[in-house]
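Have a look at the sequence and the model first, then read on.

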Amino acid sequence: MFLSVVIPTYNRRPILEKCLRALEAQTFSPESPVDRYELVLVDDGSTDDTLPWLDRCQAELPHVRLVQQAHKGIAEARNLGVTSAEGDIIVFIDSDVIVQPTCLDSHACLLQAQAAAGQEKCFTYGQLINTCDFDNPTAAKVKVTDFSAAFFETNNVAIAKRWLVEAGLFDTQFTQYGWEDLELGVRLKQMGIT
């Protein structure tokens, strides 16, 4: 299984650094179906020091493949990430999310188990810890406000690339924060994706 982790970003260099370093530090179980993974970082026209920082740290980030566009919004950035991705599974991670070391392995193992059970029309959703303490994120207590009943949120989700393409990708009329993933989720649900 080849995972393409799509990470859209815009002017988030300090937290993006933590995000990418956590994704570079992934561990995989011996029975993991993951052959390889890439980090498709879509820069949506950042004007901060994101690009110079990436240049300086290129050797430390071997899985990162930078794709750039003028500032067009997150829906366009995610679509560019999907169409640029080489993997058969897309994992969406937001650039302000710091994943646990087993994140990618967990997504892949669950997708493989679902496929073995005859349920390939599915996606996996990873747990998130909402915190402002990025130095010690797991110290935060889970709050009732952390719960979301949304069907498809792209801050930590994995799905076969073919289902995204068949659904028509993200609606680019959404140019500001939010709703583009929930709207795509409605279309995926109508296709029978669980």
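## A buried glutamate with a partner

Let's begin with Glu38, which counts as buried at 7% relative accessibility. Keep in mind that the model is a predicted one. Which side chain does Glu38 meet in a salt bridge? The partner is Arg65, with 2.9 Å from N to O. This pair links distant parts of the chain, since Glu38 sits in strand E2 and Arg65 in strand E3 (residues 64–68), 27 residues apart. Arg65 itself is partly exposed, at 26% relative accessibility.

## Asp43, buried without a salt bridge

Strand E2 covers residues 36–43, and Asp43 is part of that strand. Asp43 is buried too, but has no salt bridge. How far away is the nearest side chain of opposite charge? That side chain belongs to Arg12, and the distance is 11 Å. A salt bridge needs a nitrogen and a carboxyl oxygen within 4 Å, so Arg12 doesn't qualify as a partner for Asp43.

What Asp43 does have is a polar contact, side chain to side chain, with Ser46 at 2.6 Å. Leaving out residues up to four places away in sequence, Asp43 touches Thr9, Thr50, Leu51, Leu66, Val67, Gln68 and Gln69.

How many salt bridges does the structure hold? The count is 10. One of them runs between Arg78 and Glu180, whose closest N and O atoms are 2.4 Å apart. Arg78 belongs to helix H3 (residues 74–84) and Glu180 to helix H6 (residues 180–190), so this pair ties together parts that are 102 residues apart in sequence. Are Arg78 and Glu180 buried or exposed? Both are buried.

There is also a network: Arg13, Glu17, Arg21, Asp49 and Glu60 are joined by salt bridges that share partners. Within this group, Glu17 pairs with Arg13, and their closest N and O atoms are 2.5 Å apart. Glu17 is partly exposed, at 23% relative accessible area, whereas Arg13 is buried at 16%.

## Cysteines

On to the cysteines. A search of the whole structure turns up zero disulfides. Cys19, for one, is in no disulfide, and the nearest cysteine sulfur is that of Cys103, 9.7 Å away. The cut-off for a disulfide is 2.5 Å between sulfur atoms, so the 9.7 Å from Cys19 to Cys103 rules that pairing out. Cys19 is buried, with 0% relative accessible area. Cys57 counts as buried as well, at 8% relative accessibility.

## The whole chain

Now for the big picture. The chain's secondary structure comes to six helices and six strands. In what order do the elements run from the N terminus? The pattern is β-α-β-α-β-α-β-α-β-β-α-α.

The chain has 194 residues, and 47% of them count as buried. Taking contacts between residues at least 6 apart in sequence, 78% join residues at least 24 apart.

Technical notes
Residues are numbered from 1 along each chain as its sequence is written. This is a predicted model: local features need pLDDT of at least 70, side-chain atom pairs count only at pLDDT 80 or more; totals for chains, interfaces and linings use all residues. Side-chain values use heavy atoms; hydrogens and water are left out. Helices (H or I, at least four residues) and strands (E, at least two) are DSSP runs, numbered from the N terminus. Buried means under 20% relative accessible area, exposed over 50%, partly exposed in between (1.4 Å probe, protein chains only). Lys and Arg count as positive and Asp and Glu as negative; His and the chain ends are not counted. A polar contact is a pair of N or O atoms within 3.5 Å; within protein, one must be able to donate a hydrogen and the other to accept it, and residues adjacent in sequence count only if both atoms are side-chain atoms. Contact means heavy atoms within 4.5 Å.
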